[in-house]
Amino acid sequence: AQSVTQLDSQVPVFEEAPVELRCNYSSSVSVYLFWYVQYPNQGLQLLLKYLSGSTLVKGINGFEAEFNKSQTSFHLRKPSVHISDTAEYFCAVSPMNRDDKIIFGKGTRLHILP
Amino acid sequence: EAQVTQNPRYLITVTGKKLTVTCSQNMNHEYMSWYRQDPGLGLRQIYYSMNVEVTDKGDVPEGYKVSRKEKRNFPLILESPSPNQTSLYFCASSLSPAGTVYGYTFGSGTRLTVV
């Protein structure tokens, strides 16, 4: 079985500072990895995904994530955040040996401080 | 614009009064799914559909029904709503089952309160 752990439920960060949102997963098989963003009063939106190849994945709005197989992590980073990045971020994992299953983490709320 | 449209956005109802939340997508996706989002619990899948007339239970199907008579529509039905179904509901669709590989497109959500 797979599981996803987002280590921080909330992360406060000052505007223009860098941020890292942590995601660790557990799986006995290879996985696809995703980050979704949920802006206030909106649905989730795909930010980026890792399927194969380069372990550094670039997404929308200046975000990137790095897949680390040995540490089973897929942390999300942005070098300089803006007030518009205020949102909840969800990490998700899908096992490669099943095409009908995706598990979402519980989310990390990013607060941008002025 | 490619989108998933849910209606209504907000709904307050009373215990036991049947309701339907509609969901429609314009991307010709075969796979559609319903999730509920609760604080501290994240997203949990209620039902999903691989294609027209093909539906199956997700992780928390009790108290819900769905139908898939047309490819674009996937309504969520609560035959007898109870207060524990108060939640934020999302419809999602994808080219791939469960949003794997291609990812999901989500609707804007329906906030349901059952009193």
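**Reading the model**

Analyst: From the N terminus on, the elements of chain A run β-β-β-β-β-β-β-β-β-β-β-β. Helices (H or I, at least four residues) and strands (E, at least two) are DSSP runs, numbered from the N terminus. By that rule chain A has zero helices and 12 strands. This is a predicted model, in which local features need pLDDT of at least 70 and side-chain atom pairs count only at pLDDT 80 or more, whereas totals for chains, interfaces and linings use all residues. Residues are numbered from 1 along each chain as its sequence is written, chains are lettered from A and ligands numbered from 1 in the order in which they are written, and side-chain values use heavy atoms, with hydrogens and water left out.

User: What radius of gyration does chain A have, and what would a compact globule have?

Analyst: The radius of gyration is taken over C-alpha atoms, and the globule rule is 2.2 Å times the number of residues to the power 0.38. For 114 residues a compact globule would have a value near 13 Å, and the 14 Å of chain A agrees with this. Along the principal axes, the C-alpha atoms of chain A fill a box of roughly 45 × 30 × 20 Å.

User: What share of chain A is buried?

Analyst: Buried means under 20% relative accessible area, exposed over 50%, and partly exposed in between (1.4 Å probe, protein chains only). Of the 114 residues in chain A, 46% are buried. Accessible areas come from the Shrake-Rupley method with a 1.4 Å probe; for residues, only the protein chains shown count as cover. Chain A exposes about 5,500 Å², and carbon and sulfur atoms supply 49% of that area.

User: How many disulfides does the structure hold over all chains?

Analyst: A disulfide is a pair of cysteine sulfur atoms within 2.5 Å. A search of the whole structure finds two over all chains. One joins Cys23(A) to Cys91(A), with an S to S distance of 2.0 Å. Cys23(A) is in the loop between β3 (19–21) and β4 (24–26) of chain A, while Cys91(A) is in strand β10 (residues 87–95), so that the pair links distant parts of the chain, 68 residues apart. 

User: Is the disulfide of Cys23(A) and Cys91(A) left-handed or right-handed?

Analyst: The torsion about its S-S bond is about -65°, so the disulfide is left-handed. Cys23(A) is buried at a relative accessible area of 0%, and Cys91(A) is buried at 0% as well.

User: Where does the disulfide of Cys23(B) and Cys91(B) lie?

Analyst: The S to S distance between Cys23(B) and Cys91(B) is 1.9 Å. Cys23(B) lies in strand β3 (residues 19–25) of chain B and Cys91(B) in strand β9 (residues 87–94), so the pair ties together parts 68 residues apart in sequence. With -70° about the S-S bond, this link is left-handed. Both Cys23(B) and Cys91(B) are buried.

User: Which residues does Ile102(A) contact, leaving aside its neighbours within four places in sequence?

Analyst: Contact means heavy atoms within 4.5 Å. Ile102(A) is in contact with Phe34(A), Ala92(A), Val93(A) and Ser94(A), and also with Tyr35(B), Ala98(B), Gly99(B) and Tyr104(B). Ile102(A) is placed in the loop between β10 and β11 (103–104) of chain A and is buried, at 9% relative accessibility. Among contacts in chain A between residues at least 6 apart in sequence, 56% join residues at least 24 apart.
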